[in-house]
Amino acid sequence: MIDVISLATIGFTFFVITASPGPATLSNATIAMSKGRKASLIYGAGLSSGLLVWGLVAISGMGVMLQSSVYLLSALKVLGGLYLIWLAYHSYKTSLQATTFADQQEIQQLSAKKWFLRGLVLNTSNPKTVIAWMAALSVGMGESSDFGALIAGLMVCMLAGFTVNALYSLLFSIPHIMQLYRKISHWVDRIAAGLFALAGIGLIRSAFQRS
């Protein structure tokens, strides 16, 4: 059975990993600033659900299989990289358009399903997430840890993941930050496009690298 200190260590490690700047946090912040809190919270829930998918993969032992299966892992990396490049194209295209912002009625009409699925696809398309899970779980797990300890670790990590995404949504949807974004939205979208492209290319390159 796992103790409270080990669970806290696992949760803190996963919190730091998921809170660090990356495609998921960057996209969530951008959506919060441009579309508002509601859309971002739903998108963040999709991101967190994507984390859960890879968490289940990790604790089921498939994480080890993915790391040992070169072709399967490479294929997943290529697909994830292509999706990130698509996000880069979408962000750059948005930066070239006239700046328009949805009013409250339009925001309420946004499809919750669309935002949730976008977040879900982004995190499930990145196989590196399973490595983050295995790194966090390994911090607090020992040789005597049983399946119950893995489930407890999974739940703590999920709580950390939902917390991180919710904090990004709440922070970047503050009115003053949204107003600032409206003034520099074109530059923010272009920077986001560049970062997405770099992440996507890096993920695809890693698919063809052999250690």
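Guide: Gladly! Let's begin with helix α2, residues 23–35, which has 13 residues and reaches 17 Å from its first C-alpha to its last. This is a predicted model, where local features need pLDDT of at least 70 and side-chain atom pairs count only at pLDDT 80 or more, while totals for chains, interfaces and linings use all residues. Residues are numbered from 1 along each chain as its sequence is written, and side-chain values use heavy atoms, with hydrogens and water left out.

Visitor: Why is α2 called mostly covered?

Guide: Buried means under 20% relative accessible area (exposed is over 50%, partly exposed in between, with a 1.4 Å probe and protein chains only). In α2, 10 of the 13 residues are buried, among them Ala-24, Ile-31 and Met-33. The buried residues of α2 pack against α1, α3, α7, α9 and α10.

Visitor: What makes a stretch count as a helix or a strand?

Guide: Both are DSSP runs, numbered from the N terminus: helices are H or I with at least four residues, strands are E with at least two. By that rule the protein chain has 10 helices and 0 strands.

Visitor: Why is α3 called roughly antiparallel to α9?

Guide: Angles run from 0 to 180 degrees between N-to-C directions, and axes are lines fitted to C-alpha atoms, for helices over the stretch in contact. Under 35 degrees counts as roughly parallel, over 145 as roughly antiparallel, 65 to 115 as roughly perpendicular and the rest as oblique. Helices α3 and α9 pack at about 155°, with their axes 9 Å apart, so α3 is roughly antiparallel to α9.

Visitor: Which residues make that contact, and how do they divide into nonpolar, polar and charged?

Guide: Contact means heavy atoms within 4.5 Å. The residues include Leu-41, Gly-44 and Leu-51 of α3, and Leu-154, Met-158 and Phe-162 of α9. They divide into 14 nonpolar, 7 polar and 1 charged. Here Ala, Val, Leu, Ile, Met, Phe, Trp, Tyr, Cys and Pro count as nonpolar, Asp, Glu, Lys and Arg as charged, and the others, Gly among them, as polar.

Visitor: At what angle do α1 and α9 pack?

Guide: Those two pack at about 35°, with their axes 8 Å apart. Their contact has 12 nonpolar, 5 polar and no charged residues.

Key: The expected span of a helix is 1.5 Å times one less than its number of residues.
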